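Good morning. Please have the sequence and the model open.

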Amino acid sequence: MPQTTIYVAPSLGPPDNPPPAVATVELARLFGRSAALAGVSLRVEPGCAIALLGPNGAGKTTLLRILSTAIRPTFGSAEVDGLDVARHGDLVRTRVAYLSHSSGLYDDLTAAENLRFAATMLGVPRDETERRITEALEEVALRTNGAQRVAGFSAGMRKRLALARLLLSPHSLLLLDEPHAALDEDGMRLVDDLIRRWREVGITVLVASHAADRLRPMVDGSVRLDGGLVAEVSGSGVSLNPVGNALTEPMMAAAGQ
Amino acid sequence: MNGFRQTAGVALTIARKDALAELRGKHAATSTLFFAAIVLLLFGFALGPDSRRLQEAAPGLLWLAIVFAGLLAVGRLHLIETQDAALEQLALYPIDRRAIYAGKALSGLAAMLVLGIVLLGAVAILYGIDLAGAWPALAATLLLGCIGFAAVGTFYAGVTVRMAAREVMLPLLMLPVIAPLLLAAVKATATALGGDPFGELGAWLQLLAGYDIVMLIAGAGTYGFLLEE
């Protein structure tokens, strides 16, 4: 199987003591009066692959969206590579990529045009753009579909193309929300392989999934969320952030819970 | 300088992407143009067959048709971003968010200029107006009016794009804000068509330019906040 180059964002901080890839302190997010996250304090070490597990509504997607800077926390704080996501969102976005449930693709553009657009937005050097697009399309087995409009793509092909977008530029943290969803067995193996390779080169990967058994061989540790709170932390590379719980009670009171 | 070039490059790429998507979804662009032409035709029916009356009302009718069709056009340019959460993806790229505003405003301006040029031609034909001699002033009015409309329209399309009732909310929020633009554009067009006997065209164009600058600065400064939840 052809393997594209994996680009890694340079680490921040001293090499012998880098900041945690993710550090959250009593992180909470309300939607109306409902708390999607109700005070999550976690620390993820750089270069680890961590599974985010839990039932629907546990807060997995909300956590990933906050870390990606798509939404702001209501209470508490979250840092990526030592950068606060609320205050330094512009810097965080240079290091993080988020694979969401939606592909974020444009139907009227072809697969290659979508990647070309993404490459410009990601600041990929112009003289490297075409090579990286070709490699990325090949990696996700869409090379022959590059000239096709995305409107005609199946859900699985969209997911593959969204994965290809992650391969265009350097990252230090990848946030994958149900990356296996909509993919056939080949596609799921592709995701597994990419998670392994990202981890091998030192990229931190957070994977929200219901497929705990599938992820187990690829991840260092896992976090189980339930009702917006951490229910269990296991394995290595992830731990409860020792910072106190002072914010939890007022936040829960505000949420009416 | 490097930062400015990068921002300009991103803005142009976004505008090009919008243009490509719009041209490929031809039916939407064509429908907007037909809608604008029908509005002009209906105005003509409403005012009756008196050609002098039509010619006097032409500047106002032209700009009302541009505004109505423009509302559809700028709204549609943001609807492209609602496909499969493309707007959220756009907001996650490591780019200056003013570049996103500039890109969307540029594509809005291009759509408005096409609309404006077609409608100006339609007004000339339908209402029997001679544009010869007035075209430099009309071009300046059209350009400045469309810049202002695109600046305001891009901001409010961003405000309403996530709303369920966006088709209603966009005109509701935007029309009061563009009232000064509409007034200045109608007056400048009427003055240009009338040969500018009192030399007031420059003042109306200055008002349009001032409005454009204020709205562009305000839009670029605040649009980024609309991308965050």
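**The sheet, the domains and the chain contact**

In chain A, strand β4 (residues 49–53) runs parallel to strand β9 (residues 204–208), and the two pair over four bridges. Strands here are DSSP runs of E of at least two residues, helices are runs of H or I of at least four residues, and both are numbered from the N terminus. Two strands pair if DSSP finds at least two bridges between them. One of the bridges links Ala49(A) to its partner in β9(A), Val205(A).

Before going on, a word on the source: this is a predicted model, in which local features need pLDDT of at least 70 and side-chain atom pairs count only at pLDDT 80 or more, while totals for chains, interfaces and linings use all residues. Residues are numbered from 1 along each chain as its sequence is written, and chains are lettered from A and ligands numbered from 1 in the order in which they are written.

Back to the sheet. Which strands does the open sheet hold, and in what order? There are six, in the order β7-β8-β9-β4-β10-β11 of chain A, and the pairing is mixed. β7 (96–99) and β11 (229–235) of chain A are at the edges with a single partner strand each, so one side of each has no neighbour in the sheet. From one strand to the next, the twist averages 15°.

Now the helices. α6(A) lies across β4, β8 and β9 of chain A, at about 150° to β9(A). For such angles, axes are lines fitted to C-alpha atoms, for helices over the stretch in contact, and the angle between N-to-C directions runs from 0 to 180 degrees.

Next, the domains. In chain A, 18 residues of domain 1 are in contact with 13 residues of domain 2, where contact means C-beta atoms, placed from the backbone, within 7 Å. On the domain 1 side, β8(A) gives the most, with five residues.

Last, the second chain. How many residues of chain A are in contact with chain B? The count is 23, against 21 residues of chain B. Helix α3 (residues 111–121) of chain A gives the most to the chain A side, with three residues.

Definitions and conventions
Contact = placed C-beta atoms within 7 Å.
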